[in-house]
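Hi,

Here is the structure I promised to pass on to you. Please have it open while you read, as the notes below follow it residue by residue.

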Amino acid sequence: MSESTQVTSRAGAPPRGQAQAPGRRVRRQRIVAGVLLAAAIYAPFQLVPFHVFQLTMVLVYAVALLGLNVLVGHAGQISLGHGAFFAAGAYAAAIMMFHWELPYLATLPVAAVVAFLLGLVLGVPAMRLRGLYLALVTLAIAIFLVPLLKRFEEVTGGSMGLSLAKPAPPAWSGLAEDQWLYFLALAVAVAAFLLAAGLLRSRVGRALHAVRDNEIAAEVMGVRLSYYKTLAFAWSAMFAGVAGCVYTWVIGFVSPDSFPVTLSITLLAGIVVGGLGSLSGPVLGALFVMFVPSLSQDINEAAPGVIFGLLIIAVMYVAPTGLAGLAGRAANSLKKTLRKG
């Protein structure tokens with residue numbers, strides 16, 4: 001039962017402001033989303049190719065973090081092996097393009113299905129494990145991934161990896177290669193965010209929130225814990241696999257060393273810094289993951305990891321709920337200031 005329905009049942013029709021507030025909030029969100037999308041479409045025509053490439057990678061990481069947000073932020077599970085799902089999607093696309101010469105667009109649904117099924121299988125431990133135990137199991141997946149990929153040299157290319165031709169822009173588009181790759185990544189990211197938003201507003205999303213908030217209470221209400229925990233892993237893996245597929249298009253090369261254990265840890269840090277449980281969190285986290293390591297390198301070439309870690313600590317001290325929470329508090333403060341003025 002919605003809030004407005006509850007108010008109506010208690011005291012007749014809800015006040016005018018309360019009835020209109022959700023509608024105004026949705027309209028504001030749509031306006032903000034429209035403005036951001038317009039800016040994203042305009043950006044590649046004003047930036048140099050390297051900066052367009054950086055923004056393309058932000059979109060790739062945002063899709064991967066979107067999946068991790070479903071698992072950690074909305075289902076209350078934890079994963080230190082999300083880089084393995086990312087790699088699964090990347091290698092699924094690379095193998096199909098390299099060995100079977102499939103069109104790059106045909107690799108996207110296959111990579112999504114492969115990652116979904118992998119997440120479904122590896123989500124089984126989530127039915128019985130939680131907390132540190134679950135984190136260790138997922139970390140083990142990321143650890144054995146690299147040597148596993150190196151063993152099947154005929155398929156994966158071994159340590160040398162696979163080199164691929166990047167998708168060429170169609171003649172009718174008039175776009176450069178970097179711009180075409182950017183718009184491909186943007187289209188995939190927009191579709192992924194719309195899908196995630198619809199999923200989280202559905203019955204599945206409500207069940208995931210119930211599991212996250214209180215597993216015992218959720219089970220009493222009839223939520224099947226094992227089913228929804230496994231489903232959360234599968235959906236999360238699917239988004240990561242899609243991101244890995246687009247990564248293959250953009251980079252044009254995959255190797256086992258492209259997906260170290262640190263990738264999984266960096267992705268988890270990115271979604272926590274961006275803001276768990278928020279649709280804007282993955283985007284903010286992707287910006288952090290993309291630009292902060294290079295900033296750390298510029299500050300101190302001898303120990304960029306130390307600087308990166310200190311910056312994470314600083315951000316979490318200033319914004320315990322992530323950058324999305326900080327942005328929300330800043331917007332509320334601005335509203336109050338404008339009202340007083």
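**A buried pair, and what else turned up**

K229 and E215 are both buried. That matters for reading the model, which is a predicted one, since these two side chains also meet in a salt bridge, with 3.0 Å from N to O. K229 sits in helix α11 (residues 225–251) and E215 in helix α10 (residues 215–220), so their pairing ties together parts of the chain that are 14 residues apart in sequence.

**The other salt bridges**

How many salt bridges does the structure hold? There are three. K150 has a relative accessible area of 33%, so it counts as partly exposed, falling between the 20% limit for buried and the 50% limit for exposed.

R212 and D213 make up the remaining bridge, at 3.1 Å from N to O. R212 is partly exposed, at 35% relative accessibility, and D213 is exposed, at 56%.

**Inside the protein**

The largest nonpolar core has 85 residues. Those with the most contacts inside this core are F86, Y182, F239, V246, W249 and F259.

**On the surface**

Which residues form a nonpolar patch on the surface? They are L37, I41, F45, V190 and L194, and together they have about 440 Å² of accessible area. Two helices, α2 (16–42) and α8 (177–201), are the elements that give two or more residues to this patch. L194 has its place in helix α8. Is L194 buried or exposed? With a relative accessible area of 61%, L194 is exposed, because the cut-off for that is over 50%.

Best wishes

Technical notes
Residues numbered from 1 in each chain as written. Predicted model: local features only at pLDDT ≥ 70, side-chain atom pairs only at ≥ 80, totals over all residues. Heavy atoms only, no water. Core = buried A, V, L, I, M, F, W, Y, C linked by side-chain atoms within 4.5 Å. Buried < 20%, exposed > 50% of the residue type's maximum accessible area, 1.4 Å probe, protein only. Patch = residues over 30% accessible without salt bridge, like charges linked within 9 Å, V, L, I, M, F, W, Y side chains within 5 Å. Areas by Shrake-Rupley, 256 points an atom, 1.4 Å probe, with all protein chains shown as cover. Salt bridge = Lys/Arg side-chain N within 4 Å of Asp/Glu carboxyl O. Helix = DSSP H or I, 4+ residues; strand = E, 2+ residues; numbered from the N terminus.
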